[in-house]
Amino acid sequence: MFDFLIDGFGVALSPLNLGLAFLGAMLGTLFGALPGIGPINGIAILMPLAYTLGLPAESALILLAGVYTGAEYGGRMSSILLNVPGDAGAVMTTLDGHPLAKKGLAGPALGLSAVSSFVGATIAIIGLTLFAPLLAQVAVMFGPAEFFALMIFAFASMAVMMGKDPIKTAIGAVLGVMIAMVGVDSGTGVLRYTFGMAELYDGIDFVVMIIGLFAISEILLMLEHANRQDAGDEMPPLGRVMVSLKEVLYCKWTMLRCGLIGFIVGVLPGTGASVAGAVSYTTEKRLSDKEGTFGTGNMRGLAAPEAANNAAAAGSFVPMLTLGIPGSGTTAVLLGALMLYNITPGPMMFSERPEVAGGLIASLYIGNVVLLALNLPLAGLFAKVLTIPRWVLVPGIAILAFAGVYQLHSDLMAIYLMLIIGVFGYLLRKLGFSLAPVILGYVLGGLMEDNLRRALSISGGDVGILWQSGISLGLWIAAVLLLVLPWLLPKLLTRKSLDGA
Amino acid sequence: MKLAADRILGLALIGLAAFAAAQAANLQIPFSYEPVGPKAFPIVLSVVLAALSLVLVFRPGENGHWPDKALALKLLAVLGVLLVYALLFTRLGFIVTTFFAVLALARLFEATWLKALIAAVLMSLGSFYLFTQGLGISLPGGYWLPDFT
Amino acid sequence: MKFNSAFRHWSSLLVLSGALATGTAQAQSDASECIAPAKPGGGYDLTCRLAANGLQETGLIDKPMMVSYMPGGIGAVAYNHVNGVRSDDPNLIVAASTGAAVNLALGKFGQYDADEVRWLGALGADYGAIVVKADAPWQTLDELMKDLKTQPGKIVFGAGGTVGSQDWMKAALTAKAADISPRDLRYVAFEGGGESLAALLGDHIQVFTGDMSELRPHLESGKVRVLASLSEERLGGPYAEIPTAAEQGYDVQWPIWRGYYMGPEVSDEAYQEWVNKLETLSEKEKFAELREARGLFPMSRFGDDFDSYVKDQVAQFKQLADEVGLTQ
C-alpha cells in the first residue's frame, strides 16, 4: 500500500526536485525568519513563478511545500534572537526562547528548537503517511460545537499561565479577545468598533498585531536598555553554540507529546500553527513545569511550541490531500496551486496522480532532513545576530516591520495601526504584563465567539448542541478537570496522607 | 509612586470597558440567526474587564522603572522617526525614506555619523533589492518617480 | 525648486546605481499594476493574475504587470484608495467581483457608491451552486425545496460569508424561491468555502451554497452532490450533468463575475485603451486556456456595457436588501 511513497521518493530524489526542495527550504527559512513575511506570502509569491517557469506539477508542489515547512523552521529564529515572532506559529517560542538567548544560550536554543521542529514535523509526516484518510474522517467530525468546546479547553489550559500576577494575565487575555472583536461580525455582518474606518472592517490583522506588539515595543525597550547602565539586560557574551545531547534528551518527551498535539490541532480545519503552539505550551507547562521556570528560559518551554507548530504545518496537509479541504490559510494557497495544474486533491489523487501525492509526501521527509542539516550547524552563525550592534539591529527591525506590513496591505493605515499597537505593547510591558495572554486571547477568543454562534445557528438557539457529541463532551470534561484537579488533588493527597498517618 | 501606574491603568481600563460596552449596546442589527448576536460577547467582556480593573485599582501590583525625562524624550524621538517614516513611506518611496529612517535611528542609538551614513546607504539599498528582486515583494517606489522617466 | 530637483537627481542616482548593479530596472513608471483588494491567494489575487498572465503571455503589455495586495473592508480600502489617492492613475486597475457589487449595494463602501469608479470589464465568471452531501435524502432541487417549505428549521444552510455577503445572498435567494423569508432560514456563516465544505461532510450543515469553481475537485470524489447550478444555462465540461435551478422550476441565478475597475478621473483615452486591451485578450485562444485553468467560465462584458451591467446589479441588490430588511 505504500507503493505511492516508494514512487514518491523516486520522484523527489531526482536532481531537479532535490534541488527545488533545497531551494524551497532555504527560501522558506528566510521568509519565516523575516517578521511579517510568512509562509502564505512566500507561497503566493513563488506559485506564479513556478507556474510560469513551466515546472511540472510535482516539482512545483515540492518547491512550495519546502517553502511552507522551511517557514515554520525560520519563524523561531527572530523569536529567540529578537523576541519578535517571525510568524504566527512562533509567538509562544518567544516565551522561553528569548530568555535563553539572554542567558547567553542562543546557540543551544536555536539548535534545540531545530531538533524539536524536526521531531515535531517527523511525527506529523509519519502520521500523515499512515493515517491520513482515517484522520480526515475524524477532522470533519469537528463542527462548530466541537470547536467551541476545544476553545473552552484551550482557555482552561491557559489558567496555568496565570503565574505571579493572575489579574494582569486575565486582563491581557480579555484585551486580546476584545481586539479580536474589531471588524465585520462574522455572523450578522454588523460592523463592530470600526469607527467608520474601512481599514478596520476585516479586523486587526494578525501580522500587524504581532509586529506592533513585539517588534515596535522591542525597539522602544532596546532604547531604554541602551540608556541604562544599571540594568542587567545587556546581552551576555555568546556561550557555547551547539546544543548538547543531554539537553535534547531532557526534552524528548516534550517533543513527542507536543508533536502529537500539534499534529492533531493542525489536522483540524480552521486551527493552525498558532493554536497548536498555544495549546502545547500550556499543556507542557502543566505537565512538566514543576519548578515554575517556564517563561524564564526553560528548554522544555522552548521545545514544546516548536515541535507543535511544525507538526501543525504538516498536519494541515491531511485535510488538503485527502478531502481537498484546506486546513490552514497556507494550504488554501497550495490548493490553488494544485488547481492551476488541474489536479484534483482528494483520495483519488493517490491513485490518479501518485507521483504528485507520493512526491509531495516524500519531499516533506527530505525537506525536513535538509532543514535540520541546514539549521543545526548554522545555529552558531545565526546566534551572531545578537552581537550585531543596536544601531544596526534597530533600523533593521524597523525596515522589516515596515516592509512586511506594507507588502501585506499596500496601505499606510496598517502601518499607523502597527505603531499604535506598538506603543500599547510597550506600555503593557512596562506595566508588568506578559504579551502572550494578549495574543492567545486574540487568537482563541475570535474562534470561540464564532464557533459558539455558529453552533447556536445550527441548533436554532438550543444550547444543548454544545455538549451533544462525544467529542465535545470529552473536551468539556477535560476542561473542567484541568481547572479543578490542581486545586482538588493536593487536598485529596493530604487527606490520604493524613489518613495513612 | 510605583503603585500609582496600576491605579491609573485600572481606571483607564474601566473607562475603556464602559466605552466598549456602550459601543456594543448601540449596534444596529438587522437580524441574527442565533440568540447570542454580536452584542453579547463585547458586553460580557467589558463587564469582566471592568471587574478585573477594579481589583487592579484597589490592589495594584509591581511595575518596572519608568523612563526619566531625557529617556522619555528619546523614546518620543524614536516614535517620531517611525511616524515620519510611515507618513512619507509611499510619498517619497522606500529607498529614500528608509535611508533617512536608518540614519536617524542609528544616530538615536548612538552610532557615529559615519557609521550611521554607511548603515543608511547599505540598508536602504540592500533591503530594497533583497525584497523586490530576491523575494518578489513590491515596495513603494514613490509618487515622484513617474515624473522624470 | 532647486532643492527639489537636486533631491530628485540625487535619489534617482541612487535608484539607478542600484538598478544597474542588479541589471534590472525597477522604476515601474509606466508598468501597469493590478490591485487585488484582499490577502494573497484569494479570488481577487486570481483575478489579477488572470489579467497579468494573460496580457503578458499574449504580448499585449511589454512589461510584466505588478500585482499588489490591499486587503481590508472586503474591498472597501482599495475602493477608497482609488477614489482618494490614485484617482487618475492610468496604469492601475483593481480587481472586483459580484461581492463588491453586493457591498456597494449595502453601503459598506462608506461614502462611495457604484458611480464613483470607471467599471472596465469582466474577463470571466463563476456561478453559485447548491450542494448537499452524497448521502443526503434529496436527489433534486425540487425535493430539497419541498422539504424546506414544510420544515425550514430542520435544514441548515452554510456558506463562507456573513449575513449580507454574496455567499449568504445565494442561500437567501434560494429560500425566497421556496417562498421562505431569508430571516426564517437556518444559516451558518463560516470562514470561507473550505470550512463550509468540511462542515457539510461532517453533517454539521445540510446544504452548502458555494461556487462552481471551488467544487471542481469534489465533483469526481463522489462525496457531494450538486443539486443545481445557479447559471442561466448548463455549464459545459465536467459540469455538463448538473442541471440549472431554472430548469428545475426555481428562478435562482447567481453569476459571480470577475472584473476590474479604474479610478474616476482616469482619462477617456486611457480607459478606452484598457477596454480594448481586455477585449482583445478575451478573444485569444491562449486566454481561454488560462481562464479555464483557474476554473472560470467565459464572460465578456466591457466598457459601457459592463458599466451599466454593474450599476443595474447594484440597484437590484439594493432592492433585495430592502426586502429582507438588511438596510436600515
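Predicted model: local features only at pLDDT ≥ 70, side-chain atom pairs only at ≥ 80, totals over all residues.
**Entry 1. Confidence**

I started with the scores. The model has an ipTM of 0.90 and a pTM of 0.83. For chain C I read a mean pLDDT of 84. In that chain, 90% of the residues reach 70 or more. Over residues 1-29 of chain C, pLDDT stays under 50. The model has 26 contacts beyond four places in sequence for those residues.

**Entry 2. Chain B, fold and dimensions**

I moved to chain B. I found five helices and zero strands there. The pattern along the sequence reads α-α-α-α-α. The domain assignment gives chain B two parts: domain 1 covers 4-58, and domain 2 covers 69-134. I looked up the spacing between them. Taken over C-alpha atoms, the centres of domain 1 and domain 2 of chain B are 39 Å apart.

The C-alpha trace of chain B spans about 60 × 50 × 25 Å along its principal axes. Buried residues account for 40% of the 149 residues in chain B. I also looked at contacts in chain B with a separation of 6 or more. Of these, 58% join residues 24 or more positions apart.

**Entry 3. Where chain B meets chain A**

How many residues of chain B are in contact with chain A? I noted 61 residues of chain B, against 48 residues of chain A. I listed the elements of chain B that give two or more residues to this side. They are helix H1 (4-25), helix H2 (37-58), helix H3 (69-92), helix H4 (94-108) and helix H5 (113-134). I then sorted the residues of the chain B side by class. I have 43 nonpolar, twelve polar and six charged.

**Entry 4. The nonpolar core**

I looked up the largest nonpolar core. It holds 347 residues. The members that touch the most other members are A:Leu64, A:Val405, A:Met418 and B:Leu105. Helix H6 of chain A (residues 106-140) gives the largest share of this core, 18 residues.

**Entry 5. A:Pro389**

I picked out one residue of chain A. A:Pro389 sits in the loop between helix H17 (354-383) and helix H18 (390-409) of chain A. Why does A:Pro389 count as partly exposed? It has 14 other C-beta atoms within 10 Å, and so it falls between the limits of 12 or fewer for exposed and 20 or more for buried.

I finished with chain C. Domain 1 is built from two segments, 31-125 and 256-323, and domain 2 covers 130-255. The centres of these domains of chain C are 27 Å apart, taken over C-alpha atoms. Their contact takes ten residues from domain 1 and ten residues from domain 2.

Which elements supply at least two residues each to the side of domain 1 of chain C that touches domain 2 of chain C? I found helix H4 (98-105) and strand S9 (255-262) of chain C. H4(C) gives the largest share of that side, three residues.

Note on methods:
Residues numbered from 1 in each chain as written. Chains lettered and ligands numbered in written order. pLDDT = per-residue confidence, 0-100. Contact = placed C-beta atoms within 7 Å. Domains from an automatic or database assignment. Helix = DSSP H or I, 4+ residues; strand = E, 2+ residues; numbered from the N terminus. Core = buried A, V, L, I, M, F, W, Y, C linked by C-beta atoms within 7 Å. Nonpolar A, V, L, I, M, F, W, Y, C, P; charged D, E, K, R; others polar.
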